[in-house]
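Dear colleague,

Please find below the sequence and structure that I am handing over to you. My notes on the strands, helices and selected residues follow.

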Amino acid sequence: MRKLLVLLCVFIAGFAASAKAGPMPKPMQVAVGVAPVEYFARKIGGQLIQTVVLVPAGADAHTYEPKPSQMRELSRAGLYLSAGLEFETAWEPRLKAANPGLLVVRTDQGLARMPMPGGHDDHHDDRHKAARDHEAEMDPHVWVSAANVRHMAARIAEAFAKADPTHAKVYTANLAAFQKEIDAVDAELRSAFAGIPADKRGFLVFHPAWGYLARDYGLTQAAIEFEGKEPSPRRLGALIAQAKTTGVKVIFVQPQMSRRTAESIAQALGARVLVVDPLAADWAANLRAVAGVFRSALR
Ligand SMILES: [Zn+2]
């Protein structure tokens with residue numbers, strides 16, 4: 001009897017708690033292509049959204065294609081937050097065919113794109129080879145810049161508020177909080193890169209994914225890869241000679257890519273090879289870490 005009473009109390013308490021909270025609102029199903037965009041979406045959507053990330057951690061976004069299981073997940077999503085990557089624009093018609101109700105939001109819309117280093121028609125980059133149109137020759141790695149992310153975050157908040165007007169105020173407040181975080185990251189990076197002498201502001205990177213970061217903080221990025229592949233010995237020689245004159249001490253490689261070439265260049269230059277991932281899930285921690293390793297390599 002006593003046991004029953006306890007059970008009854010637990011039952012009533014549980015009922016009261018759930019009654020007070022009201023019916024659980026159904027979180028919005030939000031799909032994104034790459035992990036940093038999920039970071040932004042979570043900051044703004046919090047508990048009101050559930051996310052699906054297409055490109056798995058450590059995978060190469062350039063060669064990515066959605067798996068059938070992901071297509072099924074996508075068919076349940078209401079919103080897709082695109083960063084305008086090649087695979088995203090290439091797959092958009094199929095995503096929409098599989099899920100006609102899917103609203104695709106270009107978070108990068110309105111951002112000024114820079115050309116990829118290595119330039120235009122004479123230097124076609126295989127990794128960005130949807131390059132038939134002009135846009136694809138522009139640098140797609142927009143999220144490595146705090147300034148760009150401010151813009152992307154505002155687009156995301158606007159999309160959430162439109163899709164779920166009941167919680168518009170929450171999204172606006174979350175956006176304001178996230179903008180503060182972005183400002184803090186930006187200020188930290190600005191001061192981390194501020195003291196670096198002009199002749200040490202160059203860096204090499206296998207795949208040039210850090211162009212917008214370089215732009216923001218006055219660094220100079222040069223790519224090791226050529227047309228998306230390992231450079232020829234001759235090209236490599238020219239690259240090393242160039243890097244010697246500009247005093248390069250830092251070489252970035254992505255974990256998704258081979259570091260063999262980078263290591264041999266590093267030896268020739270007395271530079272350090274640092275593994276940094278432009279697709280890391282914790283965007284803020286990642287940019288701070290990049291600034292930290294860059295500085296420490298110059299010591
Ligand atoms: Zn890329």
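Two strands are taken to pair if DSSP finds at least two bridges between them. Please bear in mind throughout that this is a predicted model.

By that criterion, strand β1 (residues 28-32) pairs with β2 in the parallel sense, over five bridges. Within this pair, A31 stands opposite V52 in β2.

Overall content

The protein chain has 10 helices and eight strands. Of its 299 residues, 33% count as buried. Among the contacts in the protein chain with a separation of 6 or more, 63% are accounted for by residues 24 or more positions apart.

The sheet containing β1

β1 and β2 belong to an open sheet of four strands, with parallel pairing and the order β2-β1-β3-β4. Which strands stand at the edges of this sheet? They are β2 (49-53) and β4; each has a single partner strand, so one side of each is left without a neighbour in the sheet. From one strand to the next, the twist averages 25 degrees.

β3 and strand β4 (residues 103-106) are joined in the parallel sense by four bridges, and the bridge partner of S82 in β4 is R106. Between these two strands the chain passes through α4, and this β-α-β crossover is right-handed.

Helix α4

Helix α4 covers residues 86-98. Its 13 residues should span 18 Å at 1.5 Å a residue, and its end C-alpha atoms are 19 Å apart, which agrees.

Which residues of α4 are buried? They are F87, E88, W91 and L95. An α-helix has 3.6 residues a turn, so residues three or four places apart point the same way. The buried residues of α4 pack against α3 (68-74) and β3 (79-82).

The sheet containing β5

A further open sheet of four strands has the order β6-β5-β7-β8, again with parallel pairing. Its edge strands are β6 and β8 (272-275), each of which pairs on one side only. Here the twist averages 30 degrees from one strand to the next.

Strand β5 (residues 202-205) pairs with β6 in the parallel sense over four bridges, and F203 has Q221 as its bridge partner in β6. Together with helix α7 (residues 211-217), β5 and β6 make a right-handed β-α-β unit. β5 is also joined by two bridges to strand β7 (residues 250-253), the two running parallel. The bridge partner of L204 in β7 is I251.

Strand β6 (residues 220-223) has a covered face, made up of Q221 and A223, and an uncovered one, made up of T220 and A222. In a regular strand the side chains alternate between the two faces of the sheet.

Helix α6

For helix α6 (residues 168-194), the 27 residues should span 39 Å at 1.5 Å a residue; the end C-alpha atoms are 38 Å apart, which agrees. The buried residues in α6 are Y171, N174, L175, F178, I182 and L189. These buried residues pack against α2 (35-45), α5 (146-163), α7 and α10 (283-297).

Two individual residues

A163 is located in helix α5. Is A163 buried, exposed or partly exposed? It counts as partly exposed, because 17 C-beta neighbours lie inside 10 Å, whereas a buried residue needs 20 or more. Leaving aside its neighbours within four places in sequence, A163 is in contact with M28, G78, L79 and L103. A163 and L103 are 60 residues apart in sequence, while their C-alpha atoms are 9.1 Å apart in space.

R42 lies in helix α2. With 18 other C-beta atoms within 10 Å, R42 is partly exposed. R42 and V30 are 12 residues apart in sequence and 9.7 Å apart in space, C-alpha to C-alpha.

With kind regards

Technical notes:
Residues numbered from 1 in each chain as written. Predicted model: local features only at pLDDT ≥ 70, side-chain atom pairs only at ≥ 80, totals over all residues. Buried ≥ 20, exposed ≤ 12 C-beta atoms within 10 Å, placed from the backbone. Right-handed = clockwise from strand over helix to strand, strands pointing away. Axes fitted to C-alpha atoms, helices over the stretch in contact; angles between N-to-C directions. Expected span 1.5 Å × (residues − 1). Contact = placed C-beta atoms within 7 Å.
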